[in-house]
Every structure is written in structure tokens, then in C-alpha cells.
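Please keep the sequence and the structure in view while reading.

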Amino acid sequence: MDASTRPVRFPGASGRLLAAKTDLPAGTPRAFAIFAHCFTCSKDFFTAARVSRRLADRGIGVLRLDFTGLGASEGDRPYGAFDDSVADVLSAAGYLRERYEAPALLVGHSFGGATVLAAAGLLPEVRAVATIAAPSTPAQVRDLFGAAAEQIERDGEGTVELAGRRFVFGREFLASIAGQPSRHRVAELGAALLVLHAPGDTLVDVSHAAAIFRAARHPKSYVSLDTADHYLSDVGDAHYAADLIAVWAEHYLS
């Protein structure tokens, strides 16, 4: 199938407009999915684009969104609180529900994986969740802040440089990621779970995948991404992950 990509915008829970793209198959989609991008990335980051387009090639319509304050979405700063990101996923689901049909599949890369695991329990139509290189808890991203985390807690906000870009984070964000009941959410997921992770991931250790898998109830599956890096930089690794998700999800989406 030849997928088509279209930009869309819709209001988030805060009233700000969220930017997204839909990747739609040439024929009638057999299901719809939401793709949640990695920490401080965007819908146009190559991991999000490659996986979403490949899923569309396999017949799944995908909406990939920019979280508030990132990419083309409105917002003064990214990640005011973890629950804001969860609310963005719910807004994306509302858009799909109104325009097409409710998402049956959630896919999250890295921090986006933690986000969809939290959002899934609030979306009764979701039947399958796939995580790629996801932390077992959103609190793991604090490790990326280094000494800046202490400054943020002391002063109320601070600047963090990530991948050559500077972002302002507040104390509220650090508090919000520290208090998440991640293990309980995974245990009570109520949807099939696929955990994808590379054993050599240097940003999110593969032990996080093991923790997610142990916490989840069946049906659950784990697939090693072998020599892939955290971002699936090799296009073949991104397509491999998407193909795995599409084949695995078919049983739950039909």
C-alpha cells in the first residue's frame, strides 16, 4: 500500500492547539493507532515518521502528535507535568474518534512509551499497546538532567541541554514523574502488550523492558531489537519494529 501523510491540528485539554500528522493507508484502514514520540522529540523525528509510515503501509492508520510545547504544537514549554502528556494522547484519541474511529492501538517510543502505558487505561477502545525502548517509569528521564535537576528543585525551574537543544523545565515536572504508579498501571493494563527493546540501548537500559514485562499480565510479548540503538537510527531497524508491531497487533485488532 502507498500511505498518504496529512498535517492536522486539534485542541488539547488545555485549549492549546496540538499539531499532528496522520499516515493513512491507500485502502480502508483495518484499525487506527496513536504514536507517541520520544522525550523532547516531535512527530517529525525520524523514528516517529518511519515507524508510523511503515504501519500505514501495513494497513494501520496512524496519528503521530507533537506534545504540548514541542514541534508545531502550541505551548510555552514542554512537559509542564507528566499528566499533561497523557492528556495530549487522550485529545488525540478524541480527534480520531470524531474524525475516523477510536484508536485500538497505542505505540510509544522511549518516554512516549511510558506515556501510552499511562493513557491506555483511560481509553477503553484500546486493545493493544506497543512500547519501543521505553523506561519502566517516567522518572527515568531525570537521569538525563544531571546536576540541573537539583537546580530545578531549588530554584523552581532551570534549563537543561538535551541533544544540543535547550529546554526549560519546572519543579512541577520533576514532581509529576516521581509520583507515577507505573507498575500498577502496567499490571492493570487491560490490553495486550508488546515490549520492544534493544539489549545494547545506552539511554534506557534493557532492564526497563524486563521490569515492564514482569509487571504486565498476559497477553504480553517481548522482542529483542538486537543491534538497534535507542532511536532505531537505521531505517531497517525502524521498519523491523513496525513490521513486528503490525503482525503482532493483527490478532488483537481484527
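Helices α3 (111-120) and α6 (182-187) each give at least two residues to the lining of the largest cavity; helices (H or I, at least four residues) and strands (E, at least two) are DSSP runs, numbered from the N terminus. The model is predicted, so local features need pLDDT of at least 70 and side-chain atom pairs count only at pLDDT 80 or more, while totals for chains, interfaces and linings use all residues. Residues are numbered from 1 along each chain as its sequence is written, and side-chain values use heavy atoms, with hydrogens and water left out.

**Cavity**

- On a 1 Å grid over the protein atoms alone, a cavity is a set of points where a 1.4 Å probe fits but cannot get out, and lining residues have an atom within 4 Å of a point.
- Grid points are joined across faces, edges and corners, and a volume is the space filled by probe spheres set on the points.
- The count is one cavity of 30 Å³ or more, and the largest cavity has a volume of about 70 Å³.
- Its lining consists of A114, L117, A118, P135, S136, T137, P138, S182, R185 and V186.
- By class, the lining of the largest cavity has six nonpolar residues, three polar and one charged; Ala, Val, Leu, Ile, Met, Phe, Trp, Tyr, Cys and Pro count as nonpolar, Asp, Glu, Lys and Arg as charged, and the others, Gly among them, as polar.

**Pockets**

- A pocket is an open set of grid points with protein on both sides within 12 Å along at least five of seven lines.
- The largest pocket has a volume of about 280 Å³.
- Of the 17 residues that line the largest pocket, F39, T40, L144, L203 and Y231 are the closest to its centre.
- The lining of the largest pocket comprises 12 nonpolar residues, four polar and one charged.
- The second largest pocket has a volume of about 210 Å³.
- Of the 14 residues lining the second largest pocket, S14, R16, T68, G80 and D84 are the closest to its centre.
- The lining of the second largest pocket divides into four nonpolar, five polar and five charged residues.

**Disulfide**

- The whole structure holds one disulfide, meaning a pair of cysteine sulfur atoms within 2.5 Å.
- The disulfide links C38 and C41, with an S to S distance of 2.0 Å.
- The torsion about the S-S bond of C38 and C41 is about -90°, so this disulfide is left-handed.
- C38 is buried at 2% relative accessible area, and C41 is buried at 8%; buried means under 20% relative accessible area (1.4 Å probe, protein chains only).

**G112**

- G112 sits in helix α3 and is buried, with 0% relative accessibility.
- Apart from neighbours within four places in sequence, G112 is in contact with A36, H37 and C38, where contact means heavy atoms within 4.5 Å.
- G112 and D44 are 68 residues apart along the chain, and their C-alpha atoms are separated by 14 Å.

**Backbone exceptions**

- Most residues other than glycine have a negative phi, and most peptide bonds are trans.
- S110 is not a glycine, yet has a positive phi of about 55°.
- S110 lies in the loop between β5 (105-109) and α3, and is buried with a relative accessible area of 8%.
- L232 also has a positive phi, near 50°.
- L232 is in the loop between β10 and α8 (235-253), where L232 is buried at 1% relative accessibility.
- The peptide bond from H218 to P219 is cis, with omega near 5°.
- P219 is placed in the loop between α7 (207-215) and β10 (220-224).

**Nonpolar cores**

- A nonpolar core is a set of buried Ala, Val, Leu, Ile, Met, Phe, Trp, Tyr and Cys residues joined through side-chain atoms within 4.5 Å.
- In the largest nonpolar core, of 53 residues, F39, V129, F145, F169, F173 and L193 touch the most other members.
- Helix α2 (residues 82-99) supplies the largest share of this core, seven residues.
- A second, separate core of 30 residues includes V51, L55, V107 and A133.
- Not counting residues up to four places away in sequence, V129 touches several residues, among them L105, V116, L189, L194 and W248.

Terms used. Buried means under 20% relative accessible area, exposed over 50%, partly exposed in between (1.4 Å probe, protein chains only).
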